[in-house]
Amino acid sequence: MLYYQPQVRLSDATVSAAEALVRWQHPQLGLLSPDAFLYVAETGGLEIPLTYHLMGIAVKQAAKWCAQGHPLTVSVNVSPNCLLDDAFVGQVRSALAEHGLPATLLRLEITESGMTTDPVRAQDVLRRVRRDGVQVSIDDFGTGFSSLNQLKLLSADELKIDKTFVHDLATDPGDAILVRSAIELAHNLGLFVTAEGVEDLTALAMLDELGCDQVQGFALARPVPPDVLMAEIRKAQDTARATLKRPARRDPLSAARAGALNP
């Protein structure tokens, strides 16, 4: 199943996007996090079909929210091997067509290290989905040690700063320098920046000062089932507004209704 974590846009402390995060409701062991089972899926040859299955669930849910007047961009993590699968672009198009979701409301997250196996082919695949209107995000930036030249050539919309650089942001000056540099680099390349793993409000305020565009993390909202996401969104927006001194809006989801795209 998929849980969803709100992503807060710092310019106005509103939520117009959420990341879909996989969970497994095991009959004996209870709710399991990805660390408990994704390795089994990968080594068992299930990572590609699992990715397509979860993408279909996320697209269907996003289409449901859209029909209810809450158009949220939903980010879906994509297994690196999917970029080597000839059926990938067709699978993305089929999921969107089946559920009637505008392509701009789907964002595919690709890990930085996942681009290194066959970068030429990966770039071609990502260009094709972006031509359809789908957004592309480079996940876990800073952990894959890819070349800056490859990043320059990459067809993407978003860069996500890995939580390892955000966790000690308030106490480690080195992390602050790295995060500032990553944000400036991404902006110079025309990408908007999301920081993940924001677990304290001090880090939230620092990321705002550093010019980060969007954040997600336990300090604002936890991943939750789809039926309670709207309540979690309101909670995240209230926390962000109080911390960043942003004015409240009459409609807590007005930013999401106003447009599908993030900065």
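Here is a friendly conversation about the predicted model shown above.

Visitor: How many helices and strands does the protein chain have?

Guide: Welcome! This is a predicted model, and its chain has both kinds of element. The secondary structure comes to 10 helices and 10 strands.

Visitor: What percentage of the 263 residues of the protein chain count as buried?

Guide: A residue counts as buried when its relative accessible area is under 20%. Of the 263 residues in the protein chain, the share that passes this test is 52%.

Visitor: Among contacts between residues at least 6 apart in sequence, what percentage join residues at least 24 apart?

Guide: Contact here means heavy atoms within 4.5 Å. Taking the contacts in the protein chain between residues at least 6 apart in sequence, the share joining residues at least 24 apart is 67%.

Visitor: Which residues is Leu-207 in contact with, leaving aside its neighbours within four places in sequence?

Guide: Leu-207 is among the core residues that touch the most other members. With neighbours within four places in sequence left aside, the contacts of Leu-207 are Leu-10, Val-166, Leu-169, Val-179, Ala-195, Val-198, Cys-212 and Val-215.

Visitor: Are helices α2 and α3 roughly parallel or roughly perpendicular?

Guide: Two packed helices are described by the angle between their axes and the distance between the axes. The axes of α2 and α3 come within 9 Å and cross at roughly 30°. Angles under 35 degrees count as roughly parallel, so α2 and α3 are roughly parallel.

Visitor: How many nonpolar, polar and charged residues are in the contact of α2 with α3?

Guide: α2 passes α3 in a right-handed crossing. From α2 the contact uses Tyr-52, Met-55, Gly-56, Val-59, Lys-60 and Ala-63, and from α3 it uses Phe-88, Gln-91, Val-92, Ala-95, Leu-96 and His-99. By class, the residues of this contact of α2 with α3 are 8 nonpolar, 3 polar and 1 charged.

Visitor: Are α8 and α9 roughly parallel or roughly perpendicular?

Guide: Helix α8 (residues 201-210) and helix α9 (residues 229-244) have axes 10 Å apart, and they pack at an angle of about 70°. Angles of 65 to 115 degrees count as roughly perpendicular. Therefore α8 and α9 are roughly perpendicular.

Visitor: Which residues make the contact of α8 with α9?

Guide: α8 passes α9 in a right-handed crossing. The residues that make the contact are Leu-201, Leu-204, Ala-205 and Asp-208 of α8, together with Thr-239, Ala-240, Thr-243 and Leu-244 of α9.

Visitor: Is Ala-13 buried or exposed?

Guide: Most residues other than glycine have a negative phi. Phi of Ala-13, however, is near 55°, a positive value. Ala-13 is found in the loop between β1 (2-9) and β2 (14-22). Its relative accessibility is 0%, so Ala-13 counts as buried.

Visitor: And is Lys-245 buried or exposed?

Guide: Lys-245 is not a glycine either, and its phi is positive, about 60°. Lys-245 is found in the loop between α9 and α10 (254-258). Over 50% relative accessible area counts as exposed. Lys-245 has 68% relative accessibility, so it counts as exposed.

Visitor: How far apart in space are Glu-42 and Ser-79, C-alpha to C-alpha?

Guide: Glu-42 has its place in helix α1 (residues 38-43), while Ser-79 is found in the loop between β5 (73-77) and α3 (88-99). Glu-42 counts as partly exposed because its relative accessibility is 44%, whereas Ser-79 is buried at 9%. The two, Glu-42 and Ser-79, are 37 residues apart in sequence, and their C-alpha to C-alpha distance is 9.0 Å.

Visitor: Which residues does Ala-182 touch, not counting residues up to four places away in sequence?

Guide: Ala-182 is found in helix α7 (residues 173-188). Its relative accessible area is 8%, so Ala-182 is buried. Not counting residues up to four places away in sequence, Ala-182 touches Phe-141 and Ile-161.

Definitions and conventions
Residues numbered from 1 in each chain as written. Predicted model: local features only at pLDDT ≥ 70, side-chain atom pairs only at ≥ 80, totals over all residues. Heavy atoms only, no water. Axes fitted to C-alpha atoms, helices over the stretch in contact; angles between N-to-C directions. Helix = DSSP H or I, 4+ residues; strand = E, 2+ residues; numbered from the N terminus. Parallel < 35°, antiparallel > 145°, perpendicular 65-115°, else oblique. Left-handed = near helix turned anticlockwise from the far one by under 90°. Core = buried A, V, L, I, M, F, W, Y, C linked by side-chain atoms within 4.5 Å. Buried < 20%, exposed > 50% of the residue type's maximum accessible area, 1.4 Å probe, protein only. Nonpolar A, V, L, I, M, F, W, Y, C, P; charged D, E, K, R; others polar.
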